[in-house]
Amino acid sequence: MHDRERHTAARLERVLAQRIRPALYPLRRPLAVTAWHVPGEPVTVDHAFAADYEPFDPGTPWGPPWSTMWLHLTGAVPADWAGRHVDVLVDLGFTDAWPGFQAEGLAFDALGVPVKGISPRNHHVPVAAVAAGTEPIELFVEAAANPMPMPGFRAWPPSPLGDRATAGTEPLYRFEGADLAVRDEAVWHLIHDLDVLSQLGDQLPPGQRRAEIWYAIGRALDALDLHAVNATAQAAREVLAPVLARPAHASAHLISAVGHAHIDTAWLWPLRETVRKATRTFATVTQLATEYPELVFAASQAQQYAWIRERRPQLWQRIAKAVADGTFVPVGGMWVESDTNLPGGEALARQLIHGKRFFLEAFGVETREVWLPDSFGYSPALPQLARLAGNDWFLTQKLSWNAVNRIPHSTFWWEGIDGTRVFTHMPPVDTYNAELTAAELNRAQTQFADAGPATMSLVPFGYGDGGGGPNRDMLERARRLRDLDGSPAVTIRSPAEFFAAAQAEYADAPVWVGELYLELHRATYTTQAKTKAGNRRSEHLLREAELWAATAALHRGAPYPYERLERVWQQVLTLQFHDILPGSSIAWVNREAREAYEHIQAELEELIAEAATALRGSAPSASNAVLNAAPHARDEVVVGAFADGQALPDGRHAAWASAPALGIGALGAYSGPPVTVASADGRTTVDNGLLRVVIDGDGLITSAVDARSGRDAIAAGQRGNLLQLHPDHPNNWDAWDIDPHYRNTVTDLTAAQSVTVVADGPLLAAVEVVRVFGASTITQTYRLTAGSARFDVETVVDWRESEKVLKAAFPLGVHTDQATAEIQFGHLRRPIHTNTSWDDARFEIWAHRWLHVGEPSYGVAVLNDATYGHDVTRGPGATTVRLTLVRAPHSPDPQADQDVHRFAYALMPGAGVADATVEGYRLNLPLRVTGAESAYPSLVTSSHPGVIVEAVKLADDRSGDVIVRLYEARGDRAETRLTAGFPMRAATIVDLLERHVAEVAVGDREAAVALRPFQILTLRLSA
Ligand SMILES: [Zn+2]
């Protein structure tokens, strides 16, 4: 028999485009349209309804970037349309490309209740949703002229569209009209019959099934009279019916299809637009479920629900009902889909706590899966945190973007640094915006890596980012694909149903240990340095605010600021969204993030000051007491300005202080050796008896010898704190990527404009180095204080470079093949050689407060207070640690990082991992000199230095109990004795949501607990 398939496919393509699709709405009549153009930012419904509308004809351009237009639509359904399916069709000027990244609308009824979103492939409003029978139709549409600041998703060239201030005023769209239209049901179903069968026919290998599908399509087209499509569509369907009725093979791959809309909480639009995107999508989905009751729609990110609860009460009621019905399924149990590389340990815990608690309180739903399809790599602290928050499962997708290596499993157990495992699925369909096409389903089946022992995978379907989520077309496909010969079998169900079934059939799935490193987007550790610094600072201020507020509450009866802390936490958590903290958003988002961090920090400083004032009580005079929020006791020099504006006694720049862990100490007299400064032969030597550092005439470190080991941390013949400038031109994603070829070209910034001694002891030695290059200036102040083995580099960069990356290099005299980085609640060792493609791909890594390289009896730590990106390389006689300080990409924010940046990093020769851990807290939690009375004991102390208190706060249930979160930080086993600074009568182990797990024996304000390596333990201490 001759091959007619290609001929039939071409015939189908033309008939569909020219004859069948145009017959879908055979009867149409235009609605009357008037419009009001909002002069500024979006307004309320009441405001919009009261505005003056003017006639608005189809064909009229509208929509300067980021503007809003309200349409008022009126009309009536003709009497002879009664009983038929009638839609309102609104075309704002859509193109067929990328729903979610162009104009969008939200339809309201005449009472101001949101009815449904309007987006490119979902631009109808069923008349049945707004009027009965032939009642008059009245609708309002809030239309948003959202631009696409990254056309075609190419992160170049730079676009001015990412901020209203630079986007211009040219209209982006042309209004095409708003019509009432009758849908022909036979044509509607014929389109989907043909769609599903032709797609399947394309995917199948040559053989019986493929041949019979194409044969049937040909016969169906014969049955269609192209001059009378509406009259003959049903006859064509009848030809296809037997082919559509054939059931799936017994061995068909099982697809759990989950309706979804990945709505980035900010990205190529500001936060305010996300509120509207979520509103439109959730309105669309709840409406769609009335037509397709089998729909299950999974939505993550409590923040987006919270916005709707606050601003759209009628839609909120609809969502609550849909949740109760099982149509709308909260998933993920996180406040937002955060980045997981950069948030600190406590913040990552709070993402889970605030997210889960929101869903519990709002709906009584306990989510059991962490849902992070799109974040840029996954911290190995996450499995333990997920389980401690009551989650059993984890879903991601992003690792399929790896540039080099492929994760070998689709379904596996993911094991974190402490040994906790979480059952994990990475949908082999390789998208979280599926349309349920045969090509996608075939890809899911082909790429499913565990097909021997397992049978099922998950497919999230629906347009994200304002595209409206699932649409009618997808649900029609799903109905036909439930049980169809040649196709995977598609069942719509919730993620929890999928995970329970997948785990039951594959409980012995293979194990992936450690980091899920994304071999892409490595520049997100660095881009938007101010956002990174804002995050780090806010996290540490939150720690301080909670600790001192709890201390003031227990010791002085001061009111605990529950609401304010909750609000600030949620602001910080929202900013950790996976396009905000990583720096991959437009200028508007980055500007708002910088402003938000300033407000957050001001509010937290205020909360800390209020607690300090309460602790000062009625003490007659300021005693210059010192607050230490770090988890270890410290004796050190305090330098610089003090929190509540008090000067040091006698106006010194520096003073000696002693303070207990998490407690209140005092300024005092220093009796140890001073730090001295000596200059000779153009070199400056600073020495405090613990550390001797030599700075040359270029302002570079030629030697750093610690007294304990006598070894020089700087590799022989090399120089430390060498600033290096590389051209930074990634192949694709400017804000996201640093590509390996950046290393091929480098400029060493060795020339110093000045090297000046600015403090010469006895407590503080400081040398200032100024470097000028291009239009940029870097001012660095080296600092060594008496009694400290840490050498600080305070840095101010006036950064005016374009497409360059700045690194600070420390060539260290250490022989090793691995580097240890602090992560959340512990640390992670990574190979630094390039033996395998996996090692080679990890050429840029993230770390939190420190990175350590060492030999068994000697090591060096490089610490920081705002930097996450690093690289570590090996050379003869040296291991070079570099901090990635600042970049200058052009897209999607053309002015990224053009700013004055302030941060500090530090070198600690002779440090072990345990020293690095202690010092990382100190650098990020400087002592505060305050007038507090010093008589109050720390609320809690841990006797074992490796068991670290990460958070002290009052319980969220407002019982007044103290919550203490601890972890074992060395990767060792430890028993510790906790001592409470208040009359503790009971202690219990609780989960992250502070729910009871187990009792702990308590005696005389003490409790003993044992921890396994990197274990996190949360305790509730009751007075
Ligand atoms: Zn995303």
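Predicted model: local features only at pLDDT ≥ 70, side-chain atom pairs only at ≥ 80, totals over all residues.
At the start of helix 12, a side-chain oxygen of N471 comes to within 3.2 Å of the backbone nitrogen of D473. Residues are numbered from 1 along each chain as its sequence is written, and side-chain values use heavy atoms, with hydrogens and water left out.

Helix 12 covers residues 472-480, and seven of its nine residues are buried. Buried means under 20% relative accessible area, exposed means over 50%, and partly exposed is in between (1.4 Å probe, protein chains only). Helices (H or I, at least four residues) and strands (E, at least two) are DSSP runs, numbered from the N terminus. The covered set is R472, M474, L475, E476, R477, A478 and R480.

What does its side chain make a polar contact with? The partner is the side chain of W188, at 3.2 Å. Beyond its neighbours within four places in sequence, E476 is in contact (heavy atoms within 4.5 Å) with W188, H189, H192 and Y292.

H123 sits elsewhere, in the loop between strand 8 (114-118) and strand 9 (124-126). Its C-alpha atom is 8.8 Å from that of L92, 31 residues away along the chain. Neighbours within four places aside, H123 is in contact with V88, L89, V90, F94 and I118.

Here are the two residues by cover:

| Residue | Relative accessible area | Class |
|---|---|---|
| E476 | 3% | buried |
| H123 | 28% | partly exposed |

Zooming out, the protein chain has 18 helices and 55 strands. Its radius of gyration (over C-alpha atoms) is 31 Å, close to the 31 Å from the globule rule (2.2 Å times the number of residues to the power 0.38) for 1023 residues, so the chain is as compact as a globular protein of that length. Along its principal axes, the C-alpha trace spans about 100 × 65 × 60 Å. Of the 1023 residues, 62% count as buried. Residues 24 or more positions apart make up 75% of the contacts with a separation of 6 or more.

Key: Polar contact = N/O pair within 3.5 Å; in protein donor to acceptor, adjacent residues only side chain to side chain.
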